[in-house]
Amino acid sequence: MIIAIDGPSGAGKSTVAKSVAKKLGFSCLDTGAMYRCIAWCALEEQADLSDGERLGAIAREKEISFGHVEGDPVPRRVFVDGVEVTDAIRTATIDKSVSTVSAHPPVRAALVDQQRRIGNAGDFVIEGRDIGTVVFPNAEVKVFLTASNEERARRRVLQNEQRGVGSVDFDEVLADIVRRDEQDSNRATAPLVAADDAVAIDSTGKTIDDVIEDICERARALRRDAE
């Protein structure tokens with residue numbers, strides 16, 4: 001079974017996806033981290049972020065992998081060609097670059113192929129921006145998770161404070177979220193949009209546990225109906 005969780009930056013997709021995977025015993029795939037890896041590689045190689053062909057070549061050449069703790073379905077570490085980039089891909093610089101990088105069709109094509117190979121190997125919770133529309137349009141459970149701009153900015157600032165990486169200036173983070181929404185929603189390839197058959201969940205004012213349980217129960221109901 002594939003559970004696809006899409007939505008804008010800061011909506012809580014990663015937190016929700018990891019918790020849903022743990023509760024259901026699924027594996028979890030953070031596709032956003034994969035695009036962040038390519039943005040990091042591009043900056044490291046001083047590549048022109050407007051050069052889609054160059055960035056696509058980088059995406060095809062680099063091996064992205066995730067580190068797991070035994071018995072934990074949630075990846076805790078991220079690697080590019082064996083080099084750990086777990087913290088390096090969560091900086092404000094990457095925040096500002098990743099939407100530009102991910103908009104290039106050659107980059108998306110390279111990573112979508114990887115995402116499908118991984119997801120087709122078992123039961124996965126996969127979060128991103130085009131999982132239910134492009135990567136896994138036949139996913140059994142599709143969720144479009146969002147929250148108000150201000151709530152998303154507040155969460156991102158708190159997350160950055162806890163990690164010790166990224167901006168902790170609320171106004172800067174809020175402006176970046178609005179900018180990324182605009183870029184992601186208007187890109188020509190795989191724009192950020194809810195799938196027609198996705199369940200929309202606005203997490204503003206809701207507890208994270210309520211959102212997690214809502215998604216888990218939808219998956220459990222499908223399993224019961226299939227038995």
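I started with Ala190, which sits in the loop between H8 and E8. Helices here are DSSP runs of H or I with at least four residues, strands are runs of E with at least two, and both are numbered from the N terminus. I noted that this is a predicted model, where local features need pLDDT of at least 70, side-chain atom pairs count only at pLDDT 80 or more, and totals for chains, interfaces and linings use all residues. I also jotted down that residues are numbered from 1 along each chain as its sequence is written, and that side-chain values use heavy atoms, with hydrogens and water left out.

**Entry: two positive phi values**

I looked up phi for Ala190 and found a positive value of about 50 degrees, although Ala190 is not a glycine. At 11% relative accessibility, Ala190 counts as buried; buried means under 20% relative accessible area, exposed means over 50%, and partly exposed lies in between (1.4 Å probe, protein chains only).

Asp81 also came up, with a positive phi near 50 degrees in a residue other than glycine. I found Asp81 in the loop between E4 and strand E5 (83-84). Asp81 is partly exposed, with a relative accessible area of 43%.

Next I went to Arg187, in the loop between helix H8 (170-186) and strand E8 (199-202). Is Arg187 buried or exposed? It counts as buried, at 8% relative accessibility. Leaving out residues up to four places away in sequence, I listed its contacts (heavy atoms within 4.5 Å) as Ser102, Ala103, Arg108, Arg129 and Leu192. I also checked Arg187 against Thr100: they are 87 residues apart in sequence, yet their C-alpha atoms are 9.2 Å apart in space.

Setting aside neighbours within four places in sequence, I found Ser102 in contact with Tyr35, Arg108 and Arg187.

**Entry: the nonpolar cores**

I then turned to the cores; a nonpolar core is a set of buried Ala, Val, Leu, Ile, Met, Phe, Trp, Tyr and Cys residues joined through side-chain atoms within 4.5 Å. Which residues touch the most other members of the largest core? They are Ile38, Val107 and Leu111, in a core of 35 residues. Elements giving two or more residues to this core include strand E1 (2-6), helix H2 (31-44), helix H5 (105-119) and strand E6 (124-128). H2 supplies the largest share, nine residues.

I picked out Val107 and, not counting residues up to four places away in sequence, saw that it touches Tyr35, Ile38, Leu55, Gly56, Ala59 and Val101. A second, separate core holds 20 residues, among them Val16, Ala21, Cys28 and Val143.

**Entry: the whole chain**

I finished with the overall picture: the protein has nine helices and eight strands. Its C-alpha atoms fill a box of roughly 50 × 35 × 35 Å along the principal axes. Buried residues make up 51% of the 227 residues. Among contacts with a separation of 6 or more, 73% join residues 24 or more positions apart.
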